[in-house]
Amino acid sequence: VAGIVAALEAARRGYAVTIYEAGTEIGGQLRLAAKIPGKEDYGRALAGFRNQLDELGVDIRLGHAVSLDALVRENFDEVVVSTGIKARDFDIPGADDPRVVGYTSILDGSVVAGPSVVVIGGGGIGHDVALFLAKGEAGSEPSVETFERHWGIKGARHLAPARRKVTMLKRSTGSFG
């Protein structure tokens, strides 16, 4: 999102701006976070950013990882590097097992988890992934609005049963307290 905000500010100041995005969509971690139950508003924020970029005429090149050759060829005046984050690898026995996948593969849908999952990491991302896995992938349950319309109830909370058995492990060398 830092790159998007930088692009918006530069475009508002009158610069011609080009965004290179290696993936098929902009938004990086925000796009993934929008898939977490209860964080759907992140997707609406990202749609708002996309609308602003379009209104300001920002050139967005999806599916294009930037290269030094491209930067030289385009002869840009300035370059802002905002590459997002890469999830860290972990060095534990069994990490090379094909059933061990990173959270981005789960959240972006490139890997569908089985009925029993262990999430290593008890922090914010670990919690979000565990919730995603337990509640089901985005779109698998009706929205609260759809549920309210169907049943004619306002202020309803629809709690679906867990889709999977999910166990969280804290990844730490310290003791549990």
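Q: Is arginine 44 buried or exposed?
A: Arginine 44 counts as exposed, because its relative accessibility is 56%. Buried means under 20% relative accessible area, exposed over 50%, and partly exposed in between, with a 1.4 Å probe and protein chains only.

Q: What am I looking at here, and how are residues numbered?
A: This is a predicted model: local features need pLDDT of at least 70, side-chain atom pairs count only at pLDDT 80 or more, and totals for chains, interfaces and linings use all residues. Residues are numbered from 1 along each chain as its sequence is written, and side-chain values use heavy atoms, with hydrogens and water left out.

Q: Back to arginine 44. What does its side chain meet?
A: The side chains of arginine 44 and aspartate 41 form a salt bridge, at 2.3 Å from N to O. A salt bridge here is a side-chain nitrogen of Lys or Arg within 4 Å of a carboxyl oxygen of Asp or Glu.

Q: Why would side chains pair up like that?
A: Side chains of opposite charge can pair when their charged atoms come close.

Q: Where do aspartate 41 and arginine 44 lie?
A: Both are in helix H3, residues 41-55, three residues apart, which is about one turn of the helix. Helices (H or I, at least four residues) and strands (E, at least two) are DSSP runs, numbered from the N terminus.

Q: What does arginine 50 form a salt bridge with?
A: Arginine 50 pairs with aspartate 54, and their closest N and O atoms are 3.3 Å apart. Both residues lie in helix H3, four residues apart, again about one turn. Arginine 50 is partly exposed at 30% relative accessible area, and aspartate 54 is partly exposed at 43%.

Q: How many salt bridges does the structure hold?
A: It holds seven salt bridges. One of them joins arginine 61 and glutamate 74, with the closest N and O atoms 2.9 Å apart. That pair links distant parts of the chain: arginine 61 is in strand E2 (residues 59-62) and glutamate 74 in helix H4, 13 residues apart.

Q: Which residues are joined into one network there?
A: Salt bridges that share partners join Asp59, Arg61 and Glu74 into one network. Arginine 61 counts as partly exposed because its relative accessible area is 22%, and glutamate 74 is partly exposed at 34%.

Q: New topic. Where is aspartate 128 found?
A: Aspartate 128 is in helix H6, residues 124-135. Aspartate 128 counts as buried because its relative accessibility is 14%.

Q: What is aspartate 128 in contact with?
A: Leaving aside neighbours within four places in sequence, aspartate 128 is in contact with Ile36 and Lys39. Contact means heavy atoms within 4.5 Å.

Q: Which other residues of H6 are buried?
A: Besides Asp128, the buried residues of H6 include Gly126, Val129, Phe132 and Leu133. What covers the buried residues of H6 includes H5, E3 and strand E4 (165-169).

Q: How many residues has H6, and how far does it reach?
A: H6 has twelve residues and reaches 16 Å from its first C-alpha to its last, close to the 16 Å expected at 1.5 Å a residue. The expected span is 1.5 Å times one less than the number of residues.

Q: And valine 81, where is its place?
A: Valine 81 is in the loop between helix H4 (68-74) and helix H5 (103-107). Valine 81 counts as exposed, at 67% relative accessibility. Valine 81 and alanine 6 are 75 residues apart in sequence but 9.9 Å apart in space, C-alpha to C-alpha.
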